[in-house]
Every structure is written in structure tokens, then in C-alpha cells.
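Reader: I am new to this structure. Could you take me through it step by step?

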Amino acid sequence: MMDFLSKTPEPPYYAVIFSSVKSENDTGYGETAERMVSLAADQPGFLGVESVREADGRGITVSYWDSMDAINHWRHHTEHQAAKEKGKSVWYESYAVRVAKVDRQRLFQENTND
């Protein structure tokens with residue numbers, strides 16, 4: 001499962017935490033979500049992403065960035081802004097975006113060598 005966890009550098013860096021409740025109308029949602037991850041990964045300062053979604057529509061995505069400038073650049077990306085607007089009007093019942101500075105991290109991986 002370690003591939004799910006982003007390989008982030010030593011802190012400090014930043015996390016953007018996007019918690020959401022998706023509506024039942026998900027026309028084009030999956031494709032757009034994949035596109036946003038692909039676009040974000042190409043942005044300067046992007047460090048990684050971790051995302052999960054429950055069957056009931058609750059989900060959380062955490063993206064990691066090396067600076068607030070990188071986050072702001074992504075926030076203003078034209079295609080990302082269009083996806084955010086569609087999220088508000090079609091895909092989400094509710095969501096929250098939180099930005100945090102990561103000062104510490106602890107990583108663990110079970111030894112799988114038998």
C-alpha cells in the first residue's frame with residue numbers, strides 16, 4: 001500500500017486538504033478528476049497526492065506542494081478553475097478546502113522481505 005502514500009520530501013512543505021460530499025450527478029466527474037491530478041502533477045512545486053472516496057460520496061484528497069506560491073499558481077490554473085466551477089454547480093453537495101503547513105512527518109512501511 002506504500003504506493004498510495006506520496007513520497008514527500010523532508011518538511012517543511014504544504015498540504016491542501018479537499019474534503020467533499022459528491023452529489024449523485026457525476027457525469028464527467030471521474031474523467032475530470034483524473035485530468036486534474038494529471039495537470040497538478042505537471043505543475044511546478046507539486047509533490048504528490050493521496051485521494052479516497054467512499055461509496056456514499058464522501059471523499060478526501062490531499063495534495064502536497066513545496067510552497068504557497070505553487071499552491072496559488074495551481075489555484076489560478078484556467079482548467080482547474082473551470083473544474084472548480086463545475087464542482088460547485090454540478091458535482092458537489094458540499095466541500096471544504098484547507099491549507100496546512102507540514103512541519104513534521106513520520107513514515108512507516110512494513111518490511112515485506114520474507
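**Questions on a predicted model**

Reader: Is Tyr95 buried, partly exposed or exposed?
Author: This is a predicted model, so every value here is computed from its coordinates. Buried needs under 20% relative accessible area, and exposed needs over 50%. Tyr95 has a relative accessible area of 36%, so Tyr95 is partly exposed.

Reader: Where does Tyr95 lie, and which residues is Tyr95 in contact with, leaving aside neighbours within four places in sequence?
Author: Tyr95 lies in strand β4, residues 92-102. Leaving aside neighbours within four places in sequence, the contacts of Tyr95 are Phe18, Ser19, Ser20 and Lys88.

Reader: How is the pair of Tyr92 and Tyr95 arranged, stacked or edge-to-face?
Author: The ring centres of Tyr92 and Tyr95 are 5.8 Å apart. Planes over 60 degrees apart count as edge-to-face. Here the planes stand at 65 degrees, so the pair is edge-to-face.

Reader: Is Tyr92 buried or exposed?
Author: The cut-off for buried is under 20% relative accessible area. Tyr92 has 17% relative accessibility, so Tyr92 counts as buried.

Reader: What is the geometry of the pair formed by Tyr29 and Trp91?
Author: By the ring-pair rule, the count comes to 8 aromatic pairs. Tyr29 and Trp91 form one that is edge-to-face. Their rings are 5.5 Å apart centre to centre, and the angle between the planes is 80 degrees.

Reader: How many residues apart are Tyr29 and Trp91?
Author: Tyr29 is in helix α1. Trp91 is in helix α3, residues 78-91. The pair links distant parts of the chain, and the separation is 62 residues.

Reader: What are the relative accessible areas of Tyr29 and Trp91?
Author: Buried means under 20%. Both residues count as buried. Tyr29 comes to 14%, and Trp91 to 3%.

Reader: Which residues do ring pairs link into a cluster?
Author: Tyr29 pairs with Trp91. Tyr92 pairs with Tyr95. The cluster linked by ring pairs consists of Phe18, Tyr29, Trp91, Tyr92 and Tyr95.

Reader: Which residue has its charged end over the ring of Tyr29?
Author: A charge sits over a ring only within 6 Å of the ring centre. Here the distance is 5.2 Å, and the residue is Lys22.

Reader: Where is Ser23 found, and is Ser23 buried or exposed?
Author: Ser23 is found in the loop between β1 and α1. Its relative accessibility is 15%, so Ser23 counts as buried.

Reader: Which backbone atoms does the side chain of Ser23 reach?
Author: Leaving aside neighbours within four places in sequence, Ser23 is in contact with Val90, Trp91, Tyr92 and Glu93. A polar atom of the Ser23 side chain lies 2.8 Å from the backbone oxygen of Val90. At 3.4 Å, the side chain also reaches the backbone nitrogen of Asn25.

Reader: Is Gln43 buried or exposed?
Author: Gln43 is found in the loop between α1 and β2 (46-53). Its contacts, leaving aside neighbours within four places in sequence, are Trp65, His73, Trp74 and His77. The relative accessible area is 12%, so Gln43 is buried.

Reader: Which residues does a cis peptide bond join?
Author: Most peptide bonds are trans. Here omega is about 10 degrees, and the cis bond joins Pro11 and Pro12.

Reader: What pattern does the protein follow along the sequence?
Author: There are 3 helices and 4 strands in the protein. Read along the sequence, the pattern is β-α-β-β-α-α-β.

Reader: What pLDDT does the protein average?
Author: Of the residues, 96% score at least 70. The average pLDDT is 93.

Definitions and conventions
Residues are numbered from 1 along each chain as its sequence is written. Side-chain values use heavy atoms; hydrogens and water are left out. Rings of Phe, Tyr and Trp (its six-membered ring) pair if their centres lie within 6.5 Å; planes under 30 degrees apart count as stacked, over 60 as edge-to-face and the rest as tilted. Helices (H or I, at least four residues) and strands (E, at least two) are DSSP runs, numbered from the N terminus. Buried means under 20% relative accessible area, exposed over 50%, partly exposed in between (1.4 Å probe, protein chains only). A charge sits over a ring if NZ of Lys or CZ of Arg is within 6 Å of the ring centre and within 35 degrees of the ring normal. pLDDT is the predictor's confidence in each residue, from 0 to 100. A polar contact is a pair of N or O atoms within 3.5 Å; within protein, one must be able to donate a hydrogen and the other to accept it, and residues adjacent in sequence count only if both atoms are side-chain atoms. Contact means heavy atoms within 4.5 Å.
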